[in-house]
Amino acid sequence: MSYERAFEVFKGYVKLQKEGLSIDKITTEDIKKRIDGMDKKVIHTLEVVSDGSNVLDELGFNDSVKEFSKIAFLDHDIGRFPQMRLTGSFGDNELKNYGLDVNDHGQLGKEILLGGVIKEQIPETRFLDEPI
């Protein structure tokens, strides 16, 4: 299990969300706003990874727990990126307006992870053969 691999997949996923913004549907100004929102969410995510890792270090967890937890911290808000791409906000109540069968970004994140992102991040992990 490699956090570095998971982070590369995460960055690629965020990049795809940014590239999915279309000038045909929204203004250039709105695209910039949505990219800025995604960039701020990446900063938040990296702060969660750092803070969570510090707590795990202080509590004395072993390296395998720390590595797995860092990946979980990394993915905790992954549903926020398509949410911002689609809706232009982080308001969970707007997701239904876009034909998504989810109640919030957490459910959207679960679908994204189970849809293949988590297997790209940690392909060698057997417990992912069945949905959690």
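Modeller: Let us begin with the aromatic cluster, which is formed by Tyr3, Phe7, Phe10 and Phe81, bearing in mind that this is a predicted model.

Colleague: Why is the aromatic pair of Tyr3 and Phe7 called stacked?

Modeller: The structure holds 3 aromatic pairs. Tyr3 and Phe7 both lie in helix 1, 4 residues apart, about one turn of the helix.

Colleague: What makes the pair of Phe7 and Phe10 stacked?

Modeller: The ring centres of Phe7 and Phe10 are 6.3 Å apart, within the 6.5 Å limit, and their planes stand at 20°, under 30 degrees, so this pair is stacked. Phe7 and Phe10 are both buried.

Colleague: How do you know that the charged end of Lys70 sits over the ring of Tyr3?

Modeller: The charged end of Lys70 is 4.4 Å from the centre of the Tyr3 ring, and the cut-off for the distance is 6 Å, with a position within 35 degrees of the ring normal also required.

Colleague: Why is Ser89 called buried?

Modeller: Ser89 has a relative accessible area of 18%, and buried means under 20%, so Ser89 is buried. Ser89 is found in the loop between helix 4 and helix 5, where a polar contact of 2.9 Å joins the side chains of Ser89 and Glu94.

How values were computed:
Residues numbered from 1 in each chain as written. Predicted model: local features only at pLDDT ≥ 70, side-chain atom pairs only at ≥ 80, totals over all residues. Heavy atoms only, no water. Helix = DSSP H or I, 4+ residues; strand = E, 2+ residues; numbered from the N terminus. Buried < 20%, exposed > 50% of the residue type's maximum accessible area, 1.4 Å probe, protein only. Polar contact = N/O pair within 3.5 Å; in protein donor to acceptor, adjacent residues only side chain to side chain. Phe/Tyr/Trp six-rings, centres within 6.5 Å; stacked < 30°, edge-to-face > 60°.
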